[in-house]
Amino acid sequence: MKARVHVMLKNGVLDPQGEAVRHALGALGFEGVKGVRQGKVIELDLADGTTEADVTRMCEKLLANTVIESYSVEVA
Amino acid sequence: MRAAVVVFPGSNCDRDLAVAFRQAGADVTMVWHKDDALPEGIDIVGIPGGFSYGDYLRCGAIAAQSPICKSVSAHAERGGYVLGICNGFQVLTETGLLPGALLRNAGLKYICKTVGLKVETSQSDFTAGYNAGDVINIPIAHHDGNYFADAETIAQLQGEDRIAFTYTDNPNGALADVAGILSPNRRVLGMMPHPERAADVGHGGTDGTALFRALAGALTTA
């Protein structure tokens, strides 16, 4: 089983990197970009029998810092 | 005072911290991240600055899961003292011993300079050597020192007098100008600035010395 975890800064948490990317896009002439949020994608290659609930626990314990980040799990 | 300084792969302020503890009279033992127990009779654990595990995933996230950190958490839960500086503060928030998190600096740049810190409380064994309201000069050197916590947590820290230091001129976007905070029992301090880099005349300043002396005073008579 493969799982893909998306980790994003929570809404309301300032994302200075996303803001810098937005500025850079503006400088390149892409004027229609109103906001950029930057996150990360973590791909997990999992042994059979690993459940989505296991992946959720991995997110809670390590992959995301839930003080500042939200996450979503996609199982393939 | 018996101090242990934790060494992670990527720590780079461990020896400076050990020197500052020793100058205050401490007996210092270095402990490796793979050790699963602290030496007997340790009063205070120092978690140094640096880039533990290359800052992979998030600053301090991997270190917080290391074998030694479980012992550090147990030490803190028993009422032991912990001082986390810079990356050490990030590790303490990742372990949950201190609330909040350290985000990328608002200006996106790594900042290395001496800054003014206001001592917000002298009511702790870390800050008893200062007077509340004192302004001291201590170096910072970080890329992720922008303190964040939800409004409720910030209000709680303020209400319980647990903000130890604030920046006089906020360099990184930290909420409420927070530079360092205390645990509820006031025995765990996390701070982004480096008092161990202002603890010898050769450093260009000695405003950090009072922190180590106050600790030595409190933990020697205890």
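Reader: Start with D14(B). Buried or exposed?
Author: Buried: D14(B) has 21 other C-beta atoms within 10 Å. A residue is buried with 20 or more other C-beta atoms within 10 Å of its own, exposed with 12 or fewer, and partly exposed in between; C-beta atoms are placed from the backbone.

Reader: What kind of model is it, and how is it numbered?
Author: This is a predicted model; local features need pLDDT of at least 70, side-chain atom pairs count only at pLDDT 80 or more, and totals for chains, interfaces and linings use all residues. Residues are numbered from 1 along each chain as its sequence is written, while chains are lettered from A and ligands numbered from 1 in the order in which they are written.

Reader: Back to D14(B). Which element is it in?
Author: D14(B) is in helix α1 of chain B, residues 14–23. Helices (H or I, at least four residues) and strands (E, at least two) are DSSP runs, numbered from the N terminus.

Reader: Which residues does D14(B) touch?
Author: Leaving out residues up to four places away in sequence, D14(B) touches V5(B), V7(B), M30(B) and P48(B). In contact means that the C-beta atoms, placed from the backbone, lie within 7 Å.

Reader: V5(B) again. What is the bridge partner of V5(B) in β3(B)?
Author: G46(B). Strand β1 (residues 2–7) of chain B runs parallel to β3(B), and three bridges join them. Strands pair if DSSP finds at least two bridges between them.

Reader: What does β3(B) pair with over four bridges?
Author: With strand β4 (residues 81–85) of chain B, in the parallel sense. There, I44(B) has Y81(B) as its bridge partner.

Reader: Which way do the residues of β3(B) point?
Author: I44(B) and G46(B) point one way, V45(B) and I47(B) the other way, and all are buried. In a regular strand the side chains alternate between the two faces of the sheet.

Reader: Zoom out. How many helices and strands in chain B?
Author: Five helices and 11 strands. Its radius of gyration is 15 Å, close to the 17 Å that the globule rule gives for 222 residues, so chain B is as compact as a globular protein of that length. That radius is taken over C-alpha atoms, and the rule is 2.2 Å times the number of residues to the power 0.38. Of the 222 residues of chain B, 54% count as buried.

Reader: And chain A? How do its elements run?
Author: β-α-β-α-β, from the N terminus on. The radius of gyration of chain A is 16 Å, well over the 11 Å from the globule rule for 76 residues, so chain A is more spread out than a compact globule. Of its 76 residues, 13% count as buried.

Reader: Which residues of α2(A) are buried?
Author: V55(A), C59(A) and L63(A). They cover an arc of only 50° around the axis, which puts them on the same side of α2(A). The arc is that of the directions from the helix axis to the C-beta atoms.

Reader: What covers them?
Author: The cover includes β1 (2–9), β2 (40–45) and β3 (69–75) of chain A. The face turned away carries the exposed A53(A), R57(A), E60(A) and K61(A).

Reader: Last one. How many residues of chain B are in contact with chain A?
Author: 12 residues of chain B, in contact with nine residues of chain A. The chain B side has six nonpolar, three polar and three charged residues. Ala, Val, Leu, Ile, Met, Phe, Trp, Tyr, Cys and Pro count as nonpolar, Asp, Glu, Lys and Arg as charged, and the others, Gly among them, as polar.

Note on methods: Contact = placed C-beta atoms within 7 Å.
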